Amino acid sequence: MTTITDVPEAVPALRKLIAPRWNNWPGALVVFVIGTALAIALLEPKFSFWVSAALAVLFAATVVANAWGRYTGGLLVAPALALLFVMNIFPLLWSFGLSFFNYRSNRARAPTWVGLENYQKVLTDPDIWDRLHNTIILVLMTVTTQMVVGFLLALLFSKQFPLRRYLLILVLTPMMLSYVAVGAFFRYYYDPTFGLLSQAVRLFTGHPFILMNTVWGSRIGIVFVDAWMWSPFVMLLVLAGLVSVPKYLYEAAAIDRVPKWRQFVSITFPYIRGLLLLALLFRTIEAFKLFDLVFLLTNGGPGTATETIALKVYRVAFENNRTSESTALAYILLFTVIVLTNLYLYFANQRAREVAAP
Amino acid sequence: MTDLAQDVAGARPAPVARALRIRRVRFGGAASGVGHAGWGRTIAAAIVSFIYFFPVFWIILTAFKTYEDALAVPAKFFFTPTLENFVQVFNRSFSAGAQAQNTGFTLYFFNSLFISGVSVLLALAIGAMAAFGFSRYPLKGNDTYLFMILTTRMLPAIVVIIPIFIMFRVTGLAGTYAGIIGLYTVFNLPFAIWMMKSFFDELSPDVEDAARIDGSSDVRVFFKICLPQVWAGLAATAVFGLILTWNEFLFALLLSGVETRTVPVAMSQTIGGDIGVRWGLLAAIETLFLVPVIIVTFALQNQLLRGVTFGTIKR
């Protein structure tokens with residue numbers, strides 16, 4: 001009995017599915033899935049990619065035609081989300097899958113399933129723990145320096161004085177420069193014979209000074225450059241906090257003869273606390289990913305003393321071609337950054353509410 | 001429709017006033033509430049600024065030095081400037097006495113400009129649209145999407161590049177303009193979305209509601225009411241995107257071919273390459289590379305805070 005009543009209902013549904021209309025997105029989806037499967041089965045990877053891309057565009061067009069005028073918000077957001085998915089999320093998921101296989105990008109052999117072996121290899125490798133150790137030392141050094149120097153800079157620039165605007169922009173310039181160019185010219189400054197640093201030291205000691213040949217020397221060399229570039233960033237955030245303090249609070253405190261340090265602790269600090277935290281998180285995230293500067297300035301040397309975890313991933317992936325092992329390592333880095341980003345956004349939202357409230 | 005936008009803007013000068021107020025407060029104008037300091041502070045700040053700017057200044061100076069002057073010990077502050085280095089960036093002989101030939105830097109500078117220009121325009125178009133969507137049509141799960149979008153921007157480039165490198169090799173996109181432009185578009189997209197969202201959030205929705213009541217479609221509201229009010233924001237986002245892309249190194253290192261190489265990659269390859277210790281020449285490349293960024297930074301200073309925090313902190 002049921003089949004007799006079902007068939008007439010199924011026919012219009014099928015007819016709807018093959019109707020050549022622009023808003024027929026289920027039909028386009030079916031074409032996309034079948035077409036892609038056929039293309040992958042029959043064609044070379046290079047061509048099947050373009051075939052499936054064309055079919056995906058067709059599918060996207062039908063979805064747009066269907067949603068036009070009805071789901072405006074979704075329609076506006078969709079292209080961005082689709083692009084991010086194709087170029088960011090999908091590759092990441094794919095590499096997550098790859099981390100369970102044994103795969104080398106310079107060999108033609110197909111990937112073989114190895115389960116958690118890559119993670120085991122990475123987590124028990126003393127080299128990795130050493131690089132993690134290097135990274136953490138660099139992060140601690142550079143973030144502390146940036147916070148302290150940036151804070152002092154902000155105090156210096158917190159009051160109005162002649163030419164302030166122009167001097168401020170000179171301080172803010174390094175932040176916008178490229179790590180590559182900066183790394184290249186600090187190689188010149190750190191050069192044992194011709195570098196300014198060596199020459200300055202020689203004035204006092206009479207000997208040329210090679211900063212980058214000791215472990216701590218090269219660490220300081222990197223931290224100096226990074227702090228030079230990014231302490232203005234901390235300054236910018238702290239300044240934003242300092243100028244948001246209402247003037248009457250200081251006036252009231254002055255009437256009550258509250259000492260300066262007490263004014264700072266009770267009035268100023270609460271206004272900049274949130275921003276200090278944001279600066280700290282933001283800079284920690286960025287410092288954790290430190291790659292370009294180390295790559296250009298020391299290339300991890302001397303030995304592997306300044307090889308950061310990002311540089312190690314680069315070496316494993318593109319110099320040793322142990323691709324799947326590098327993806328396992330990359331995921332450890334990824335996890336840290338996601339946690340930190342989550343914290344950053346939480347506090348940023350909190351601050352946005354605080355600013356909007358009064 | 002433009003008439004309506006003008007009428008509305010005339011009747012409600014809020015965006016302009018708001019822009020001016022932001023300008024005054026950003027670095028603490030007269031109303032900063034922290035008080036004044038005299039010329040003494042100027043002198044202290046000048047010393048600090050000089051220290052901060054000195055490395056850049058010295059590179060620009062070195063770019064005008066001859067080979068001997070750049071290697072002089074002790075370093076020379078006063079010398080006869082030469083433009084030789086800037087000529088040699090583009091055209092020089094690679095061995096003594098040989099014919100001068102093109103170094104390829106004309107192409108690399110063109111590539112940097114072309115790739116960052118196109119990708120920023122694309123990212124801006126898609127990003128502004130998405131930002132408007134996120135700002136005006138609060139859907140369920142928007143916060144999750146926004147978090148995801150910002151996270152993709154914060155991710156270490158090295159993590160993202162491994163799968164993309166393989167993908168590009170399989171699809172034949174590696175080393176092509178299309179590939180690197182596509183990648184940079186996505187790289188700029190999270191920034192564009194967050195930045196533009198922060199500008200759209202600041203607009204008052206009253207005008208849009210009025211226009212809607214008068215029968216404007218969503219498309220018209222977007223193009224005729226909202227976009228004209230955020231021109232400054234669009235410009236700032238574009239310029240920040242340009243700087244980010246112009247400076248980007250790792251993606252370009254791994255994914256650009258000989259024909260699509262950008263300046264940072266070419267620069268990193270000249271270090272320790274045929275240039276050796278010709279610091280003047282290297283400094284000239286760096287000067288040509290950095291000076292546009294420095295000039296733009298001057299123009300952008302009022303938006304700097306928002307720009308460097310991806311629009312998450314406005315004031």
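1. Contacts within chain B. In this predicted model, residues 24 or more positions apart account for 76% of the contacts in chain B that have a separation of 6 or more.

2. Make-up of chain B. The secondary structure of chain B consists of 16 helices and two strands. Chain B has 315 residues, of which 45% count as buried.

3. Contact between the chains. Chain A and chain B meet through 90 residues from chain B and 90 residues from chain A. On the side of chain B that touches chain A, helix α3 of chain B (residues 39–63) provides the largest share, with 13 residues. By class, this side of chain B comprises 65 nonpolar, 21 polar and four charged residues.

4. Domains of chain A. The assignment divides chain A into domain 1, covering 2–115, and domain 2, covering 120–356. Between the C-alpha centres of domain 1 and domain 2 of chain A, the distance is 43 Å.

5. Contact between the domains. Ten residues from domain 1 of chain A and seven residues from domain 2 of chain A take part in the contact between them. On the side of domain 1 that touches domain 2, both α4 (72–98) and β1 (101–102) of chain A supply at least two residues each. The most is given by α4(A), with three residues. The residues on this side of domain 1 of chain A divide into four nonpolar, five polar and one charged.

Methods. Residues numbered from 1 in each chain as written. Chains lettered and ligands numbered in written order. Predicted model: local features only at pLDDT ≥ 70, side-chain atom pairs only at ≥ 80, totals over all residues. Contact = placed C-beta atoms within 7 Å. Helix = DSSP H or I, 4+ residues; strand = E, 2+ residues; numbered from the N terminus. Nonpolar A, V, L, I, M, F, W, Y, C, P; charged D, E, K, R; others polar. Buried ≥ 20, exposed ≤ 12 C-beta atoms within 10 Å, placed from the backbone. Domains from an automatic or database assignment.
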